[in-house]
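The sequence and model are shown first.

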Amino acid sequence: MVFTIRRPGPRDASAVADLHVAAWREAYTHLLPDGFFTDEYIERRRRMWRDLLENPRADTTVRIAESDGSIIGLAWAGPGLRLGAEAPPRDRQLYALYVAAAHHGTGAGQALLEEAVGDGPAMLWVAAQNPRAIAFYRRNGFEFDGVEQTDPIAPSITDARMLR
């Protein structure tokens, strides 16, 4: 499998959002209520990615993986975010890393992770019900620190924090 990693631009926003939604469908449909993926939900993702890509911030990194002209994965990272009043335990946070299921095991996820956060200290939130993602992050040196929260977008998903 041949893929390339690049920085997306505003023209990529719709395709990045579609990949984001498709990856959520593949990973979490069994955990979400029927009707979760409404037209409104999809449009919110498109607006989010349009805003992120039209107004990039110097302290964030967004990368996509492409194969044969199609976006197969995305990574988004930036400054560590607070949880309530608690200071973030790491300065760098992986906000999102998704690869289309058909491209799992190709190295695209690894390449995206390396582009987004490198191999230094970082933090992330992973769905506690996603053993594949957890195994991937553990292979990359991340471990749970015992902090969990309900996913703000999907209350049926428990997010667990991992640190490296």
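## Q93 in strand β4

Q93 is buried, with a relative accessible area of 4%; buried means under 20% relative accessible area, exposed over 50% and partly exposed in between, for a 1.4 Å probe and protein chains only. This residue is found in strand β4. A polar atom of the Q93 side chain lies 2.8 Å from the backbone nitrogen of L81. Leaving aside neighbours within four places in sequence, Q93 is in contact (heavy atoms within 4.5 Å) with W76, A77, G78, P79, G80, L81, V117, M123 and W125.

## Basis of the model

The model is predicted: local features need pLDDT of at least 70, side-chain atom pairs count only at pLDDT 80 or more, and totals for chains, interfaces and linings use all residues. Residues are numbered from 1 along each chain as its sequence is written, and side-chain values use heavy atoms, with hydrogens and water left out.

## Overall fold

The chain has 4 helices and 7 strands, where helices (H or I, at least four residues) and strands (E, at least two) are DSSP runs numbered from the N terminus. From the N terminus on, the order of elements is β-α-α-β-β-β-α-β-α-β-β.

For 164 residues, a compact globule would have a radius of gyration near 15 Å, and the chain agrees, with 15 Å. The radius is taken over C-alpha atoms, and the globule rule is 2.2 Å times the number of residues to the power 0.38. Along its principal axes the C-alpha trace spans about 40 × 35 × 30 Å. Of the 164 residues, 45% count as buried. Among contacts between residues at least 6 apart in sequence, 61% join residues at least 24 apart.

## Nonpolar cores

In soluble globular proteins, nonpolar side chains tend to be buried together. A nonpolar core is here a set of buried Ala, Val, Leu, Ile, Met, Phe, Trp, Tyr and Cys residues joined through side-chain atoms within 4.5 Å. The largest such core has 26 residues, of which W24, L32, W49, L74 and Y98 touch the most other members. At least two residues of this core come from each of α1 (13-28), α2 (39-54), β2 (61-67), β3 (70-79) and β4 (92-99). Helix α1 gives the most, with 8 residues. Apart from this core lies another, of 21 residues, among them I72, L113, V126 and F142.

At 1.5 Å a residue, the 16 residues of α1 should span 22 Å, and the end C-alpha atoms are 22 Å apart, which agrees; the expected span is 1.5 Å times one less than the number of residues. Buried residues of α1 include A13, V16, L19 and W24. Their cover includes α2, β2, β3, β4 and β5.

Helix α3 is mostly covered, with 7 of its 10 residues buried: A108, G109, A111, L112, L113, A116 and V117. The cover of these residues includes β1 (4-6), β2, β3, β4 and α4 (131-139). After α3 comes G118, whose phi is positive, near 65°.

## A122 in the following loop

A122 lies in the loop between α3 (108-117) and β5 (123-127). This residue is buried, with a relative accessible area of 0%. Neighbours within four places aside, A122 is in contact with R90, R92, V117, F142, M162, L163 and R164. A122 and F142 are 20 residues apart in sequence and 8.3 Å apart in space, C-alpha to C-alpha.

Technical notes. A polar contact is a pair of N or O atoms within 3.5 Å; within protein, one must be able to donate a hydrogen and the other to accept it, and residues adjacent in sequence count only if both atoms are side-chain atoms.
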